[in-house]
Structures are given as structure tokens and as C-alpha cells.
Amino acid sequence: MALGDAPAARGPDEEAEDDALARGAALEAFGESADTRALLGRLREVHGDRAARELAEERFRVIMDKYQEQPHLLDPHLEWMMNLLLDMVRDKTSPTALMHLAFKFLYIITKVRGYKIFLRLFPHEVADVEPVLDMFAGQDPKDHETWETRYMLLLWLSVTCLIPFDLSRLDGNLLTQPGQARMSIMDRILQIAQSYLVVSDKARDAAAVLVSRFITRPDVKQQKMAGFLDWSLCTLACSSFQTLEGVIAIDGTLQALAQIFKHGKREDCLPYAATVLQCLDGCRLPESNQTLLRKLGVKLVQRLGLTFLKPKVAAWRYQRGCRSLAANLQPFTQQRPEPQTLLVPSDCHEDDVPEGVESVIEQLLVGLKDKDTVVRWSAAKGIGRMAGRLPKELADDVVGSVLDCFSFQETDKAWHGGCLALAELGRRGLLLPSRLAEAVPVVLKALTYEEKRGACSVGANVRDAACYVCWSFARAYEPQELTPFVTAISSALVIAAVFDRNVNCRRAASAAFQENVGRQGTFPHGIDILTAADYFAVGNRANCFLVISVFIAGFPEYTRPMIDHLVTMKVSHWDGVIRELAAKALSNLAPRAPEYSATQVFPRLLSMTRSPDLHTRHGAVLACAEVAYALHRLAARENRPVTDYLDDKAVQGLKQIHQQLWERQLYRGLGGELMRQAVCILIENLSLSKMPFKGDTIIDGWQWLINDTLRSLHLISSHARQQLKDAAVSALAALCSEYYVKETGEADPAVQEGLIGQYLAELQSPEEMTRCGFSSALGALPGFLLKGRFQQVLAGLRAVTLTSPEDVSFAESRRDALKAIARICQTVGVKAGAPDEAVCRENVSQVYGALLGCMGDYTTDSRGDVGAWVREAAMTGLMDLTLLLGRSQPELVEAHICEQVMCRVAQQASEKIDRFRAHAAGVFLTLLHCDPPTPHVPHRGELEKIFPRSDVASVNWNAPSQAFPRVTQLLGLPAYRYHVLLGLVVSVGGLTESTVRHSTQSLFAYMKGIQRDPQALESFGKTLLQVFEDNLLNDRVSVPLLRTLDQMLANGCFEVFAVEEDHPFCVKLLALCKEEIKRSKDVQKLQSSIAVFCGMVQFCGAVRRQVLLQLCLLLCHPFPLIRKTTASRAYEMVLTYSDVVGADALDEVLAVLSDTAWDAKLPAVREQRNRLCDLLGVPRPQLVAKPTHS
């Protein structure tokens, strides 16, 4: 299916698959046994029908895929499934298509269960060898449709060739006819294996399995092993990994060689190992860009190395004794069982190490640094296996070489490979306790390894592998061996589990910590920490930084390491989100170690604010702000000033941050927006911390930064603009509240005059973002600065909300001005007779006027309906103001104002954008059900029945299916009818399928209910026409309104009016439609009007003749598309309304409409149109000569 295609209806198979995924590994048995048996039994019937065959195959895939996570549940059923399928294969009468289908089903089972388990079940009698070989005769290795057949045949052959008889006994007499020799069984199998080792499909993998089992047979190895290895080495030497054919040939050959040296006896393979290694060196596989070839090369190298060394268990390896979890978790006061030392017998003399081993170890160490993980992982396992067969001194050298990977001159690939190798060595007991003093420090470094690369970093895989090392150490060593390192390892794992950026690393660290708690039993407070930081809890990064970290820091062993890690690594992190979280985490951890934070951490942070690195500087300023505020909150609890924690040097350092940045011009350029945001947060927090800066010149510097930031918002990148504006506005509010207020609680007149005057002047800026910034700033001013200036500020903000031709697109500035008006009203409150200080009777109408005036803002630009932001802010402002007045002076809410508010909000609740409809509904219900009740709500009783209080929480107003059935009930209330209908026609005539469907259904349900109430229908019709008349030539309403009228006429909503000739509704509707399309070139509008005209034919009298004349005019419209649409619609109309044309003229009218080429030249079309006019009984339209201008 193409990416853009919509999925078809979901079948039971897909639902079953989803159900299996949802359950996870929770299945208990193979529950589809009967279905599978029936499905396999039908294969003989469906193999010839392609559709049925594909359906059966897909059904079987779905059944099998359910057991991908628990394939062992299939084991009791594998034998009968295989027998059913192989019976079809062995049946001589089975068509070829059925045989291929059976093998395809066998492959599906193999894919789920794995070929190694499946191999045992294949029939492997002597009698099976010849038939399986004969089946290969009909196979085409280039047929990509049937590769499953060849794959399964090769696996089957790899089992049958293990029969415990010499294969030469099966050959009989090879000379069937004089002079003609038949190939032996041995040669045939070898030829098949070699031919399939170089194919491009999965049969190549099965051919490698076949070779490994066939060549290592006692009778075959004597005759064929040397020859096959020669062939393999020649293939490797002749193939190039630069070509596709070469890559395929090398891949198959390497697989075969690796399998041979894995399954073959050492004494058989040893004579050839050095030659193969030499040839492999000549292939230069590490230079290939093919990951698979490099992995197979490493795999073969380690197999060759293991061939060189005798298979024995190293006597010197470390063995852990007791592994009882219960014993490990005993309290430390109880006696632990003594560790047991496992003595492994070995020879007294260490054998000499063969020459090739050094080369193998060297290649594996190079493989640890490969660019691909699978190669590094294979190399790590190889080093572990090799070290287990080496003498102690040489194995220790290998460990030393692995530890050399952990150099900062090495890449992240080497660190990752080194971690994997250490884990393997530790897991196998080959990393002796004497080496832990060197290994543990590098693992701890790897737990925090991160290297910046461009706009991101690398190192997550290194940290994940380091967690694996810690996990393996927990299982490998006795607790007393790791005791010296417990503090460092536990702190490092806790830090990784809580503060790592990558969720996989956090979960890996949590798992490693859990393993250490269980296996070692020495980690401080292990169970308590695991309960808080389990696998699921560490999945949320913010929760880790801000919640879990605080809990863990409550244990003194972890507090300082966590704080130090945040300061050293995370405050200067490349990711801005991590820097912000680190700063907040330091704020949360400061109460756990206040003296340490003030005396040790703070000086380090202050020095970092002078760093030339942008990220370090930004994070340090944020951290200074957060820690200072945290120390203030801590001091405030004890009624002490923050200076009791911070000395004079720290306070002076905080004061100098802005000046230093300004002098170094670090507020400019690309990093300027980051530093501005950080310093704004610093200003806010220092102001809230009541730093002793009142009257200091630094306040003027801070004020300059806030003003300059708000003035320069249009120069800031769009993604950071809102965040920076919010930071500056918050900083301004805190700064004013702390440093601009006198002891009497009043404002300094000079500061008040200068600040408000400057901000009001900036509201007239030609830059929209500047208006946004200073509008929000005015809204954030504290009450003492607004005192005596309320009217002046209100007038300035109201001017921003007005739309003029110059700033019609400034929707964001209008939105922010509305928010500011609502906010300052909340700030100053309500007070009678004080228009310059608070909301009162003298100015409340101005506030309502500004808010209600913006409810009709439907500005659109390239971003869509940007006016919706303004309407949303206006609705919120109306709600806040009305609730404020209702609580203090409800008499200020006049009846006509309240009616306007409720009606305008109801209109928004019936419009087409889900999010804004839901917001409007929330506002409407809040005003309806608030306490004390909002005065003068029209039809309150009926509204409370339509919208009971229980609906506030239970109804999802975002869902059209739930919203529209309730909103359309407002059409029955006269006060709301006009506005609800205005919103509803936009939804019914919209484009979104779900909105159109549910709004249409709700409207038609309402119309059906009033069909027998002529008065209600008459009233509805008048309101509908009024909406049309008020929005003539307003395409936002008129086009959807025409679509709505089309649907209403087609569904017989106005059949009552059709009974009366020339009903006023019909006459006025026709006049409005004609006026709407007059001189219009809008194709959508014209097409919608055609549909309306065709629907209006149902009305009797002169209206019908006028409608037919209008349609005839449109049949000669200049646009061919309109002419064709009119003819098509008229054809349907004539068939639908049989009384429009007399029975004698019906056939001719239909013939003219259907046979005429309406997109032809106008003179020819006009002739047919005039003929149609005569048949319909309407006058022919006359051409009007254009007036000539002399």
C-alpha cells in the first residue's frame, strides 16, 4: 500500500495481530491449533486461486507472528504441522504451485521458531536423500518468487546428509550405460552447496549450514574438505567487495568457512587454519563498507583463533562461589556464607601459543573499533573466547590492550567496543580482581561519556554498554571484591539512571543498579532507590530530573555526587532542554545540601558564567538563578535573608553577570537570544529572592535589557520568540514589584511616568512583535504602577486591538493586547467611582467593547485562520471580566452586554475548528454555572436543561459527534438563534468530513422537529435570510451558506414554503442568491449557487420561472466548467422534480441537456440554450450591448 493511501476497513487478522501486540508475552499455549490444521488442510483447494492463496498465506503469517515473542509455545505442534506440509511435497501428484506454497508455509514457521529447532524435525532417513536431491533438479536459482522452497530444501538436505553411513554406499553402480558416468551423491551435494553459496537470496544462509554439516562428515572430509577450502579461498581471492556479485560471493563463502571452523573437529581444521587466515588477511575486509562482510570476517578470524588454541578451561580464571540472592539481601549484621573457590584442573605446563594467535588477537582488537555495532559485538565475544584459552600472562596482556581503548584520543566506537569486551571478560571470569582497580575508573568515565558532534552528540551507545559492564560485574564478582568500588559505582549508576539524556541509558543504568543490589547486596539504600527509580519511572526525563532526583538526594551518600555531576556535565550540556532541567534540579537539590551549594557550587557556577562557550555560559546563568532562589526560599522559612547563605562575593558576582555580558557584547549574534532568556530568568529570580540591589545602577541595566529584548523580538528566531517574550515579561513583573515600590507601597512617580509613557509609545511601533512584547509587558505591571494610569493604559491597549488597513495581519499583537487588558483588569480589580484606578461603571463598557469587538476577527493569512487566536483571547477575557464583576459588583454587568457575550460565545461554540469550539464551550458553561451566578443570562432555565452541570466534565467538546447535537438545541431559543446559525452554517458548509457530517445531522434533526410548527419554521427562515443578507459577498460565510442551503433544499427542509406560491422566504432567497453571484468569478461560489437554484425549482409561481431563467443564463456563462456543471445539475433537477417540464417536452429537454457539448464555443451553445428556454417556457435572454465611451 502506498504511504498516502488510506487503509481499508480492518479485517479480523489485523485486529488479532494488534491484540497480540497489546498482550505482549502473556500467551500460555498455541491457541490456534484447530484453525491452523484447517488452514493447512485447505491448501490443496486454494493453491490455484491467487486471491485465496494470498489470503491463506496472510492468515497463517498473522497466526505465527503472534508467537514471535514466545516461539517455544509452538514446539508441541511443530511435528504435525511439518508432516501435513511435507505430505504435500512428497506427493508425486502435487502440482508445482502447491509444493512451493507448502515450502512457503514451512519457511514462515521456521522464521518464528528458528531453523536450529526446526531442523531436528525434518525426516532424515536414508531413503530421503535421493528424493531431496532430485527436487533440486527442478529449481531455478534466479526465480525470486520461490526462494523459500530452495531455502527449506537446503535445510532439509543439511539434515539428511548426516545419515550414519558412508555416502558412497548410496551410489550403487555409477556407470548406468557404457561410457556414461553418473555423478556420485557426494559430488551432487557439494555441487548444490557451492552453487547456492553465491546466490543473492536467503538460500545462501542455508547453503552455509549445509556445507558445515556436509564437509565435516568423516567420509567427506577426507575426500572433499581440502578441495572445498581451495575453492573457497579462490572465490575469496577472485571476488571484490566493490561489486554486488563479489559481495554476495564473499558473504556466502565467509559464512560457510565460519560454520566449518565452528562445527568441525579441531584436528581436522587445524592444518588449514593458517592458510585461511593468510588468505583472509589478503582480502582486506576491514576496508570494506559492507557491515555484514566485516562482521563475518571477524567471526571467521575468532573461529580460526579458537582452532589454533586447544579447547580447555583456563585454570587461572576467577570463579564466584555462592550466588544466592537471598544471602546477598540479608542484613549486613547477619553472617554471610563463605565464598567458595572453584578449582579447575589443568596441565602443569602452559603450551606454547601458536604463531597465528597474535595476528587473530590483533584483528579482534581492531574489530573492537569498527564503525558498526554488530562487528564490535562479534569482536568482543571473540576476545572473551580467546582469552579463556590463553595462559594467564597473555590473557592479562589482552586485558591491557582492551583497557587501552579507553583513551580520549580514541573515538566513541573504541570506547563502545572496549566496554563490550570488558563485559565479556568479566562475565567469563577472565578479568581478575587485581585488574578491577584499572577497569572500574574507565567504566565510570564511560558512564558519562559524551562527545559533541555538530548540532548533536555521540556516546549514548558507550554509556549503555558501560551499564552492561556494571551489570556483568555484579554477576561475576564476590561482594568483597567490589567493596572498594561500591561508593563510586553506585553513585555513577544512580546519576546515569536519573540524569542521562537518553531513555535507553537511564533504563540500562536502572537495570544494572538493580542487578548490583540483588547480587552484591552492598549498595547503600538499594531497595529504596529501586522502588523510586524502576524501569518505568525513569522513562520520563522531567520526572527523573525534578522528582526522583530529590528523593535519592535525601540519602547523604548520593547528594554531593549528584550535585557535582549536574554542575560538571549537565549545566554545560549541548541540549538546551537538559541545561534547563539541570538548573531546576540544582534548585531542588540545594535544600538537601545548602551549605555545600552556597560555598562550593555557587563559586563554580559564577566562574562558569564567564566561559567563552555559549552552552556553558547559558547553563551557568540559569543555574545561578535557580540556586539563588532556592536558597532564598530556604532562608525565608527561617525568616532569614538570602545573604545569610550567600556571602558578599557571591552577591557581587550575581550583580556583575549582566554587566560582564553587556561589555563583551554577548547579547548580540546567534547566542544572544539564549543569553537574553537566561539573564531575564536571572533577573526574575534575583528579584523574587529580594537581593539587596534597590537603588543600585544594576537595576537600570536590567531594565534596559528587558526593554531592548521586547523591542527586538522581531529579530529573534520564531521558535524561541514566545519563550523569550514570556521570560522578559516575567522578569519585568518581578523587577517592578521588588525594586520600584516605595516603603509606603506606592510607585515612584518618575519611574511610573517614564515606564508607562515609554511602553505606550512602543505600542504604536510598525513591528508586530514589538507591539506584542510591550502589550504583554503592560499587562504584567503590578497594581501600584497602574494606579492613576489605568485609563491611559486601557486606551493604549484598545488602540492595538483595532484593525486598520496597515496592521490587518497583526493578529498576534491584537491577541496579546486582549490578554493584557484582561490581566490588568484582574490586577486593578473593581472599585466604584475610580475610573483611573480600577474597573468601574465609567470604563466597564470600554473594556467590554474592546473584547466584544475582537470576537468578529476572522483574519486569515498563509498560516490559516490567525483571527482564531484573537477570538480565543477575547473569549477568555470576557469570561475573566464577567466573573470578576459577578463576584464584586454584579450590577455592572448590564443585560444587553451579557446577552452579547453569551451569544457571541455560543456562535464560536458552533463553528468548525475543534479546539476553539471546545474552548468556547468551556467559557459558555463556566459563565452559565458559575457561583455566584452571572446576572442577566438569557434563557437561563432552558440553558441549564440543555447543558446540565454534569456535562461540564463529561462531554468532549472537541468531538463534533458530542458537541453539535447539544449546540443545535440553542436554535430553539430566539436570543441565540442568529449567532448559533451563523456559526453552524460555516460548519455545515465546511470541508472537514467529521465536522460536516455531525453538524449536518444535528441541523437536520432540529429542522425535522419544527416541520409541524409553522411559526418556528417561519422564524428560522427569517433568521437564515438575515444571516445571508448580513454576510452578502463575505465569502467566509456566503460560500458555506450556499452549500448549507443546497443540502437543506435537497432534504426538503422548506417543503412547507413550496405549497404557497411566491412565498416571501423564496422570493427573498432568490434575490439574495442573485446578488451574491452577480459579476462573481469565484468558481466554488458559482457551483454552489447552481445547486441552490436547482433546489429552488421546488417552489411554485414566479420564483420557479425566475430560477429557470437564472439557470438558462448560467448555461451561457463565460466559464465552460460552469456551463457543464449547470447542465449536469439541471438534468438531475428535471428528473427529480417531474412537474418542472411537461411530459411532452421532457425527452427533448433531457436530450438537449445531455447531448449538447456545453464546453463548445458560445454561439453554438447559445443556440441550444435558447431552444431549451422555449421548451421550459421562459423568455430567451437578450444580449446587452456594452456602452461605448467616446
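Which helix gives the most to the lining of the second largest cavity? I looked this up before anything else. Helix H44, residues 914-929, does, with three residues. I note that the model is predicted.

**Entry: second largest cavity**

I took the volume next. About 60 Å³ of space lies in this second largest cavity. I then listed its lining: Ala 906, Ala 909, Ala 921, Phe 924, Leu 925, Phe 947, Trp 957, Val 967 and Leu 970. I sorted these by class. Nine are nonpolar, with no polar and no charged residues.

**Entry: largest cavity**

I asked how many cavities of 30 Å³ or more the structure holds. I found five. The largest has about 70 Å³ of space. I wrote down the residues around the largest cavity. Leu 1108, Leu 1111, Cys 1112, Leu 1115, Ala 1130 and Met 1133 are among them. Val 1134, Val 1149, Leu 1153, Leu 1172 and Leu 1176 also belong to this lining. I checked which elements supply two or more residues here. They are helix H55 (1102-1114), helix H56 (1120-1136), helix H57 (1143-1155) and helix H58 (1162-1176).

**Entry: H55 against H56**

I read an angle of about 145° between H55 and H56, with the axes 8 Å apart. From H55, the contact uses Leu 1108, Leu 1111 and Leu 1114. From H56, it uses Ile 1122, Arg 1123, Thr 1126 and Met 1133. The classes in this contact are five nonpolar, one polar and one charged. I cross-checked the names against the cavity. Leu 1108, Leu 1111 and Met 1133 take part in the helix contact and also line the largest cavity.

**Entry: H10 against H12**

I moved to another helix pair. How do H10 and H12 cross, left-handed or right-handed? First I took the geometry. The axes of H10 (residues 185-196) and H12 (residues 218-238) come within 12 Å and cross at roughly 30°. That angle makes H10 roughly parallel to H12. I then settled the handedness: H10 passes H12 in a right-handed crossing. On the H10 side, I list Met 186, Asp 187, Leu 190 and Gln 194 in the contact. On the H12 side, I list Asp 219, Val 220, Gln 223, Lys 224, Phe 228 and Trp 231.

Terms used:
Residues numbered from 1 in each chain as written. Predicted model: local features only at pLDDT ≥ 70, side-chain atom pairs only at ≥ 80, totals over all residues. Heavy atoms only, no water. Axes fitted to C-alpha atoms, helices over the stretch in contact; angles between N-to-C directions. Helix = DSSP H or I, 4+ residues; strand = E, 2+ residues; numbered from the N terminus. Parallel < 35°, antiparallel > 145°, perpendicular 65-115°, else oblique. Left-handed = near helix turned anticlockwise from the far one by under 90°. Contact = heavy atoms within 4.5 Å. 1 Å grid on protein atoms, 1.4 Å probe; cavity = no way out; pocket = protein on both sides within 12 Å on 5 of 7 lines; lining within 4 Å. Points joined across faces, edges and corners; volume = space filled by probe spheres on them. Nonpolar A, V, L, I, M, F, W, Y, C, P; charged D, E, K, R; others polar.
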